[in-house]
Amino acid sequence: MASRLRGYLSQKLGASHIDIAEIRPLSGGAIQENWLLSLHITGGIFEGAQRWVLRKDAPSAVSVSHSRAVEFAVLSHAFGAGVAVPEPICLCEDVAVLGSAFFIMRHKSGLAAGHKLAGDPVFKQGSKQLGAQLGYEMAKLHLAPSSPALDALPAPSPLSPQQQQLHEMRGYLDALGTGQPVLEYALNWLEDRLDIWQTDEAKVLCHRDFRTGNFLVEGEEMTALLDWEFAGFSDRHEDIGWLCARCWRFGNPHLTVGGLAPFAAFQEAYEKAYGQPIHLLAMACWQVMAEIRWAVIALQQANRNDSGAEYSLQLALSGQMVPEMEYHMLGLIDEIDQDKWQDDRQ
């Protein structure tokens, strides 16, 4: 791997010599592999010591994930818009180099692991500073003007984002071929209440996986938003509901924003930067959809193991998380129906 990579980078970057001091896999990345590269480059535009991350497909990559070329294009767009992301370096689509397409981006410091962050004493009472930054960065993404890089994304569906999600989730459940009454009930509930969460706002570029675990944190600062393989055009409240979903709070249920921050700080910063208020009831319904979507992904991952397509303990255990998401979605539905939903005040 090292020799082929050295040859590719030397040619791509116009370097006369590249010494790879370290190449090792980084933790996480069930859907994509991330490798840390420590390099010393002689010649070319990146001369000197460099710490980069190489990102390529993992064996358990899912079909709805973007290709590395599309993800690189979206990452480049976000970087150009000033969103806190790693600087994109180069893209390689020649599978002869490493066996699959990959791209390289600059390494950023920080911790992403949700359980470790949520367990840090700094975040036990919530960080207003981090919450405000997350709100600001999300608003910056949603406001970013279009660029040619986004031409790589699939064209927006003629359906509303809400209808599209309902259609996709039902399709995934049908493909699994097993009865999922709680998920189907929640989908029906959302469809019956489209009028309370379907806004008339234009679709914007959304990360669609903006959550604790997909951004790096150092101190109380987000240093980089990662993992753009699900990005697409949607209702901005999808990103808000996903970040604030109860399944991403890692033992801190009282902290609405990813188990790390109170909602008020996020809301104030987001609304100030975006220039429009958050539609709180739409956000609540997107939280229900977030639980459904994560439950469906968990079932799909478990099915990969159960069907024999790929034996993996991690994939098998994913299916055991579904009852927790079902508990969350039923609780949210009950709170919304009884007008007792409280996340907007936490």
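Let's start with a definition: two strands pair if DSSP finds at least two bridges between them. Helices (H or I, at least four residues) and strands (E, at least two) are DSSP runs, numbered from the N terminus.

Hello everyone! What we have here is a predicted model, so a word on sources: local features need pLDDT of at least 70 and side-chain atom pairs count only at pLDDT 80 or more, while totals for chains, interfaces and linings use all residues. Residues are numbered from 1 along each chain as its sequence is written, and side-chain values use heavy atoms, with hydrogens and water left out.

Now, the sheet. It is open, with 5 strands in the order β1-β2-β3-β5-β4 and antiparallel pairing. At the edges sit β1 (17-25) and β4 (88-92), each pairing on one side only. From one strand to the next, the twist averages 25°; axes here are lines fitted to C-alpha atoms, for helices over the stretch in contact, and angles run from 0 to 180 degrees between N-to-C directions.

Have a look at β2 (residues 32-42): 10 bridges join this strand to β3, and the two run antiparallel. Which residue in β3 is the bridge partner of Ser-38? That would be Arg-51.

Helix α1 (residues 2-13) lies across β1, β2, β3, β4 and β5 (102-106), at about 130° to β1. Helix α2 (residues 68-80) packs on the sheet too, touching β2, β3, β4 and β5, and its direction makes about 160° with that of β4.

On to the charges. A salt bridge is a side-chain nitrogen of Lys or Arg within 4 Å of a carboxyl oxygen of Asp or Glu, and by this rule the count comes to 16. One of them joins Arg-55 and Asp-227, at 3.1 Å from N to O. Arg-55 belongs to strand β3 (residues 48-57), Asp-227 to the loop between β8 (221-225) and β9 (232-234), 172 residues apart. Is Arg-55 buried or exposed? Buried, with a relative accessible area of 2%; the cut-offs are under 20% for buried, over 50% for exposed and partly exposed in between (1.4 Å probe, protein chains only).

My other pick is Arg-236 with Glu-201, whose closest N and O atoms are 2.6 Å apart. Arg-236 is in helix α9 (residues 236-243) and Glu-201 in the loop between α8 (194-197) and β6 (204-206), 35 residues apart. Arg-236 is buried at 1%, whereas Glu-201 is partly exposed at 27%.

Finally, salt bridges with shared partners join Arg-55, Asp-57, Arg-68, Glu-71, Asp-227 and Glu-229 into one network.

Notes: Contact = heavy atoms within 4.5 Å.
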